[in-house]
Amino acid sequence: MSIEEIAKSWLLDPSWIKVFKHTFDVLEDYVSYVLVSVGAIALSVRLLTTLGTGDLMCILIGVRHNNETLEDLGPYAGGGTFGMINYAQTDQKCIREVFTPFMEYLPYLMLLQTLILIVVEKFTFKIPRIAQKVERFYANIVEQSLFGKDPDVAEDMTDPKTSTEAISRRRQRNEICVSLKRSSIIYSVYIGKNFVKVLLDIFFLAVDINYTRDATSSSAPCVIEIEDFPGIVDGPGLVHFQCRGKKLDFFMIALYTHVVLLCLHLLLSLGAIVWCFGFRSVSKLLTTIENTRKEWEPSLVSKQDGSDFLFLFDLLAHSCGIESTLRVLTHSDDTFYEICRPNMAPVQDLQLEEDKMKITWEPADIERWLHSGKQGAPISSSIEIDSYEVTIFPAETVNNSQTVSAANFKGKSTYSVWFYDLIGGKTEYVITIACMIGKSRMKGEKVVTTLMPYGAEKPRSGMLKSSGTDQVEIFWDPPKGDFTKYTLMIEKITDDTKDKDLAKEMLTDNHPIIRLNSGRSRETLPDGSAYFDKSNLRHMENLSAKLTEYTILGLDPGDKYRVQLGTKTGTVSTRQFIYDTVITRPSQVTGLLARDIKNNSCVIQWFSLEGHPCLKGFQIQVKTHDGKEFKSVAVPKSAKTFNVYGMSPSSDYDVSITALCVYQERRTQGDPTTIPVTTLADTVKNLRMENSTPNSIFVKWEAPTGVMNPQNAKYKITISSPELEFSQTTDLSGDKTQYNFSKLPDPEGSGHMFKIDVQASIMTIREHEVSSEPATLHCATLPHKPSGFKIGTRPFDIVFTKSPTPAVSSYKIKWKSIEEGSKPEETIVPSSQSEEQHFKLKGLSPNLVYKVNVYALVTLPSEVVLESKELHEKVILDEASKELKIFVDEV
């Protein structure tokens with residue numbers, strides 16, 4: 001790169017930097033250009049006037065040789081005086097006699113001072129961090145919004161959520177703005193640069209003025225020593241000259257001009273500093289708005305924010321005007337967008353009808369703040385809210401845009417416009433309300449909506465087509481006009497006080513179901529007479545527009561509901577709802593059973609129906625086997641049992657119960673629940689156990705009275721044990737009165753308590769088997785006896801194998817001498833974990849035979865002890881060996 005290109009890169013700014021240059025900075029640039037020009041001219045004159053001839057104009061006054069003045073020049077060569085004069089004009093000693101060092105290098109110093117100031121000035125945007133931020137800010141925010149590339153209209157006509165270009169643009173803006181809001185480097189460098197320039201200007205002025213006072217003299221003598229030169233000059237001497245600087249007056253004028261320009265440069269730098277601290281329009285506007293903010297309003301300024309964001313916009317406002325800058329701000333900063341956008345709620349401030357709409361909004365915060373001074377005087381005269389521009393798209397009439405003049409809070413606090421002759425239906429309209437400051441259009445508030453669709457038509461017979469226990473089927477006539485879907489609301493009525501007027505009240509404009517927005521769980525009518533629970537309100541949004549009937553599922557049986565049907569397009573619902581009140585059928589009564597059945601009566605019992613607000617009672621019917629009505633009675637809903645008397649023994653009856661629901665003129669009943677009932681026979685008499693073994697039980701009983709023909713009767717015998725998960729049932733003919741339960745679980749069933757039920761049954765006319773109350777007997781099997789009796793290895797020790805019965809807890813050991821009159825001895829020993837049980841006999845006499853019996857014992861939970869058959873053996877104590885032996889009888 002050439003020196004010229006390097007100089008241009010420093011001296012010339014990119015075009016986009018000019019947008020962020022203050023007037024003081026521009027004037028400083030011009031002052032710098034003049035300083036460069038003055039320095040360059042002074043340097044040129046110096047070089048041109050001194051080129052080959054030196055910096056001085058000198059005349060030869062005289063020559064002194066050997067301290068004597070010579071009348072003539074002596075034996076010098078002809079023309080030698082010119083050489084001496086030329087020598088004196090370039091001699092450094094003579095130059096210093098005329099010029100000070102400052103004046104000698106004045107053009108160079110002037111250019112050096114100017115270049116230092118220029119380098120300091122241009123240094124700001126040469127820092128990569130600052131240059132990159134400012135360039136991105138200009139390219140992505142300022143240029144798009146300020147010079148005809150504003151995408152606001154395109155974003156109004158399209159959905160930015162589905163536009164990749166809009167999403168990318170928004171992300172770039174957010175990234176750049178957030179980065180600038182968190183930074184203060186640009187502002188700090190700008191302030192520091194101007195302070196440095198002020199210090200440099202003061203330093204340069206002090207130097208220039210100080211050396212200017214003694215810069216020159218009109219003329220000055222100059223003496224040059226001449227050395228002796230053998231053959232030409234016999235001895236040393238002095239040559240005297242009178243010298244004067246060339247173009248001295250011109251350089252003094254250039255110096256004075258340079259000083260004046262430095263003073264002007266100093267004032268411009270001070271002006272830039274003063275502007276930074278007190279005259280920044282955007283920052284001043286924001287501060288003014290913040291000071292007029294009410295205590296409850298959110299603050300617009302954060303203490304954590306940096307200064308770069310507002311500082312760049314202040315520079316932009318100074319260059320392009322406050323109105324254009326505010327427009328750029330509304331597109332790039334949410335804070336300014338919030339204060340410049342009209343205040344409106346899309347739901348409350350849009351009055352929608354089938355073919356027209358009204359838009360209402362409140363003034364923007366900036367309008368309220370700008371005119372919140374004393375007696376309505378504006379607090380800022382630099383900007384003024386001129387009007388609001390309202391645009392609708394797509395435009396179906398010529399009047400697609402309306403302009404509303406700002407009221408300036410004189411008798412009007414809200415604005416509104418109407419758009420007529422709209423098609424409606426499924427057409428989606430985009431309404432944009434933008435604040436106009438001068439001719440600049442701020443970023444507007446956008447609302448996307450559709451018009452109200454027409455509502456469905458209610459049939460003359462009502463909306464109810466059929467009802468079930470958990471559903472109702474409704475139907476209707478389709479509306480006119482297009483719409484996207486039906487909305488269905490089902491409300492459970494929880495209070496029937498003044499219920500005839502409840503639906504009409506709920507559908508008025510003052511209290512429609514669709515506009516419920518209260519935080520309470522219950523809504524009360526204006527007269528306080530009825531309420532509904534919002535938790536019981538179901539709202540179905542996505543019913544197809546092609547439907548003319550619909551089945552509502554998931555309802556509670558025996559309850560009353562208010563059904564409201566409407567149409568919806570987008571997020572807008574119709575105002576022409578249709579409604580009807582329906583009642584569901586009650587559920588079928590459950591848990592119906594007959595208890596306490598005797599030979600001539602029974603008790604009918606059922607479960608109460610929960611959650612049936614419309615339930616009034618139950619209808620009970622009792623019929624004989626041939627269909628004749630025996631009894632019919634209605635009982636209240638609180639009843640859960642009913643006693644039936646006068647029934648014939650061993651007869652078949654049908655008992656049915658039906659739930660009844662009543663609500664105003666509407667009446668429904670559930671499906672009947674029917675059960676057969678047959679009176680019981682007598683119970684078996686004298687059930688007893690005759691015999692028991694470890695795996696069998698033998699029982700007997702007496703036939704019940706009233707059994708005329710044993711062939712029509714039979715017995716059902718059941719033995720069971722829940723602990724063993726064992727149950728066995730056997731049917732016997734009516735002529736049997738005993739039974740042996742064999743093959744019971746063995747060995748786990750031995751020594752165990754069993755329950756035995758014997759129930760007599762007869763066949764009725766319907767061939768229903770009528771059973772008597774069971775006769776119950778609790779009896780137990782015997783435990784198995786122990787086995788494997790033998791003599792142990794220890795003295796007097798006997799050993800036997802434990803009983804296989806699991807429930808055996810101990811053993812009874814009984815021994816007695818065979819001698820007549822001997823007294824038996826016995827003891828109880830607990831069962832051990834070992835398979836073989838040991839016991840030491842005590843009190844044995846030598847040579848006597850003893851009978852030893854071992855019994856297994858089982859203790860039942862009822863503390864009854866079961867004893868097995870004995871394990872018996874004879875033993876004898878040998879007197880000689882003192883050992884216990886088994887005695888064997890000799891045959």
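E338 is partly exposed, with a relative accessibility of 37%. (Buried means under 20% relative accessible area, exposed over 50%, and partly exposed in between, with a 1.4 Å probe and protein chains only.) This is a predicted model, where local features need pLDDT of at least 70 and side-chain atom pairs count only at pLDDT 80 or more, while totals for chains, interfaces and linings use all residues. Residues are numbered from 1 along each chain as its sequence is written, and side-chain values use heavy atoms, with hydrogens and water left out.

E338 forms a salt bridge with R341, and their closest N and O atoms are 3.1 Å apart. (A salt bridge is a side-chain nitrogen of Lys or Arg within 4 Å of a carboxyl oxygen of Asp or Glu.) R341 is buried, at 16% relative accessibility. R341 also meets E445 in a salt bridge, at 3.3 Å from N to O. That pair links distant parts of the chain, 104 residues apart. E445 sits in strand β12 (residues 445–450), and R341 in the loop between α15 (334–340) and β5 (350–352). (Helices, H or I with at least four residues, and strands, E with at least two, are DSSP runs numbered from the N terminus.) E445 is buried too, with a relative accessible area of 12%.

## Other salt bridges

The whole structure holds 28 salt bridges. One of them joins the side chains of K714 and E769, at 3.2 Å from N to O. K714 lies in strand β33 (residues 713–721) and E769 in strand β37 (residues 769–771), so the pair ties together parts 55 residues apart in sequence. K714 is partly exposed at 28% relative accessibility. E769 is partly exposed at 39%.

There is also a network of salt bridges. It links K21, E28, D29, E121, K193 and K197.

## Helix α13

Helix α13 covers residues 308–320. Its 13 residues should span 18 Å at 1.5 Å a residue, and its end C-alpha atoms are 18 Å apart, which agrees. (The expected span is 1.5 Å times one less than the number of residues.)

The helix is mostly covered, with 10 of its 13 residues buried. Among them are F309, L310, F311, L312 and F313. D308 and D314 are buried as well. G321 follows α13, and its phi is positive, near 100°.

## The surroundings of T781

T781 is found in the loop between β38 (775–780) and β39 (787–791). T781 counts as buried because its relative accessibility is 0%. A polar atom of its side chain lies 2.6 Å from the backbone oxygen of G749.

Which residues is T781 in contact with, leaving aside neighbours within four places in sequence? They include S692, T693, P694, L744, G749, H752, F754 and L866. (Contact means heavy atoms within 4.5 Å.)

## A nonpolar surface patch

V26, L27, Y30 and Y33 make a nonpolar surface patch of about 370 Å². (Patches are made of residues with over 30% relative accessible area and no salt bridge; like charges are joined within 9 Å, and nonpolar side chains, Val, Leu, Ile, Met, Phe, Trp and Tyr, within 5 Å. Areas come from the Shrake-Rupley method with a 1.4 Å probe; for residues, only the protein chains shown count as cover.) Y30 belongs to helix α2 (residues 23–50). Y30 is exposed, with a relative accessible area of 52%.

Methods. Polar contact = N/O pair within 3.5 Å; in protein donor to acceptor, adjacent residues only side chain to side chain.
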